[in-house]
Amino acid sequence: MEATGIGKYSRCGRALLLLLLMVLAACTSSPSSSDKPKTEYVIILVIDGTRMSETWDSVPGLIPNMSTVLKPKGAFLPNFLNDAYTYTNSGHAAITTGVNQPIDNYGDEFPANPSIFQYFLKQSGKPATAAWIVSSKDKLHILANTSRPGWENTFQPSVNAGVNGPGTGYRMDSLTLIEVKRILTTHKPNLMLINFMEPDGFAHAANWPNYLRGISRDDRYAKELWDFLNEDETFRGKTTLFITADHGRHLNGIDGGFVDHGDSCPGCQQIYLLAMGPDFRRGTVETRHTLIDLAPTVARLLHFTMDSLVVVPRVDTTYVTSPADSAQAALGQDSIRLEIVMDTTVLKARVIEELFK
Ligand SMILES: [Zn+2]
Ligand SMILES: [Zn+2]
């Protein structure tokens with residue numbers, strides 16, 4: 001009697017187990033949510049040169065909107081770094097190309113690798129108005145192009161930078177935000193990078209109060225942007241917003257402290273990432289990531305692929321003996337010539353998997 005009961009139960013159990021296995025198989029064989037992102041629009045907001053001590057290390061402080069309103073809506077990475085070249089053009093190029101590269105900081109050199117804008121426009125077949133760089137710093141027009149043969153001058157995104165384009169000077173962030181909203185409304189772009197410059201600009205002028213004011217304003221503008229996206233039919237529920245910095249600033253006591261940046265001190269390297277969107281989980285992600293990881297993460301969201309091989313310029317020092325008749329040769333000295341060599345390497349950037357649901 002009892003044995004029969006067990007037998008019946010077992011058959012029933014086996015049937016249940018089989019059903020469970022079928023359900024599990026169906027779940028695992030169909031693409032997971034991360035394979036089919038809900039995101040159709042990606043915006044990367046870069047708040048230029050903000051140090052942790054004035055932002056995420058003392059919250060709410062100057063960033064009440066980001067730390068108390070936006071942060072609960074997304075994932076926050078406190079262990080996010082620019083662990084390479086901690087100045088504007090390199091930091092931004094790391095974001096857009098997924099490659100760390102020492103690059104001229106005065107707007108005269110393009111990144112050596114194609115950008116997320118170019119990959120996206122090429123593979124989606126969309127017009128240039130589907131990808132934008134909207135920047136307070138005019139020199140960031142360089143992000144729209146690359147020096148890579150075969151990619152140079154192709155599939156370039158639209159640019160709205162500086163007062164009135166390259167060479168016209170920096171624009172206040174409030175005006176950049178107006179342009180951002182206008183472009184979002186008019187063109188509904190799928191991909192946009194925004195640069196806000198006020199904290200960095202005023203810090204370089206050694207203006208502590210205005211550096212702080214810049215942080216506080218950009219915090220407000222970040223919230224304004226998020227609200228704008230959520231009030232718009234097109235963008236609501238389909239937009240991912242990343243908020244980060246291109247680099248920090250020197251720790252107090254190092255090379256003038258907050259005024260400058262550019263080395264590998266923790267103040268310059270330590271930044272943050274706040275990531276909000278329909279495909280992302282909420283909460284803190286402790287894993288260490290760096291700026292270059294944003295590019296493949298955007299690629300995952302917008303369904304494009306990046307080349308697995310990239311080029312990285314390397315400084316090669318070559319010693320050249322001076323000509324016999326030069327003054328240096330008479331003194332027995334050599335002159336030094338710096339040569340830049342392009343190394344081909346594997347793309348090191350990796351998708352920030354921990355963000356995905
Ligand atoms: Zn700077
Ligand atoms: Zn530093």
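Mentor: What follows is a short walk through the fold, the packing and a few backbone details.

Trainee: What kind of model is this, and how is it numbered?

Mentor: This is a predicted model: local features need pLDDT of at least 70, side-chain atom pairs count only at pLDDT 80 or more, and totals for chains, interfaces and linings use all residues. Residues are numbered from 1 along each chain as its sequence is written, while chains are lettered from A and ligands numbered from 1 in the order in which they are written.

Trainee: How many helices and strands does the protein have?

Mentor: There are 10 helices and 11 strands. Helices (H or I, at least four residues) and strands (E, at least two) are DSSP runs, numbered from the N terminus.

Trainee: And what percentage of the residues count as buried?

Mentor: 45% of the 357 residues do. Buried means that 20 or more other C-beta atoms lie within 10 Å of the residue's own; exposed means 12 or fewer, and partly exposed is in between, with C-beta atoms placed from the backbone.

Trainee: What about contacts along the chain? Which share joins residues at least 24 apart?

Mentor: 74%, among contacts between residues at least 6 apart in sequence. Two residues are in contact if their C-beta atoms, placed from the backbone, lie within 7 Å.

Trainee: Let's do strands. Is strand 5 mostly covered or exposed?

Mentor: Strand 5 (residues 191–196) is mostly covered, with 6 of its 6 residues buried. On one side these are Leu191, Leu193 and Asn195, and on the other Met192, Ile194 and Phe196. In a regular strand the side chains alternate between the two faces of the sheet.

Trainee: Which strands is strand 5 joined to by bridges?

Mentor: Strand 1 is joined to strand 5 by 6 bridges, running parallel, and Ile47 stands opposite Phe196. Strand 3 (residues 131–135) is also parallel to strand 5, with 5 bridges, and there Ala131 stands opposite Leu191. Two strands pair if DSSP finds at least two bridges between them.

Trainee: Now helix 9. Why is it called largely enclosed?

Mentor: Because 7 of the 8 residues of helix 9 (residues 294–301) are buried. Among them are Leu294, Val298 and Arg300. The cover includes strand 1 (41–47), helix 3 (88–97), helix 4 (116–124) and strand 6 (239–244).

Trainee: And helix 3, how many of its residues are buried?

Mentor: 10 of its 10 residues. Strand 1, helix 4, strand 5 and helix 9 are included in what covers them. Helix 3 is followed by Gly98, whose phi is positive, near 80°.

Trainee: How many residues are in the largest nonpolar core?

Mentor: That core has 88 residues, and those with the most contacts inside it are Ile44, Leu45, Ile133, Leu191, Ile194, Leu274 and Ala295. A nonpolar core is a set of buried Ala, Val, Leu, Ile, Met, Phe, Trp, Tyr and Cys residues joined through C-beta atoms within 7 Å. Leaving out residues up to four places away in sequence, Ala295 touches Ile95, Thr96, Thr97, Gly98, Ile116, Met306 and Ala349.

Trainee: Switching to helix packing. At what angle do helix 5 and helix 7 pack?

Mentor: Helix 5 (residues 173–187) and helix 7 (residues 208–231) pack at about 10°, with their axes 11 Å apart. They are therefore roughly parallel to each other. The contact residues include Leu177 and Lys181 of helix 5 and Arg217, Tyr221 and Phe228 of helix 7.

Trainee: Where does Phe280 lie?

Mentor: In the loop between strand 7 (270–276) and strand 8 (283–284). Phe280 is buried, with 25 other C-beta atoms within 10 Å. Its C-alpha atom is separated by 8.5 Å from that of Thr240, 40 residues apart along the chain.

Trainee: Last one, the backbone. Which peptide bond is cis?

Mentor: The one from Val59 to Pro60, with omega near 0°. Pro60 is in the loop between strand 1 and helix 2 (64–70).

Trainee: And what is phi of His303?

Mentor: Phi of His303 is near 55°, a positive value in a residue other than glycine. Most residues other than glycine have a negative phi, and most peptide bonds are trans. His303 lies in the loop between helix 9 and strand 10 (309–321), and is partly exposed, with 14 other C-beta atoms within 10 Å.

Methods:
Axes fitted to C-alpha atoms, helices over the stretch in contact; angles between N-to-C directions. Parallel < 35°, antiparallel > 145°, perpendicular 65-115°, else oblique.
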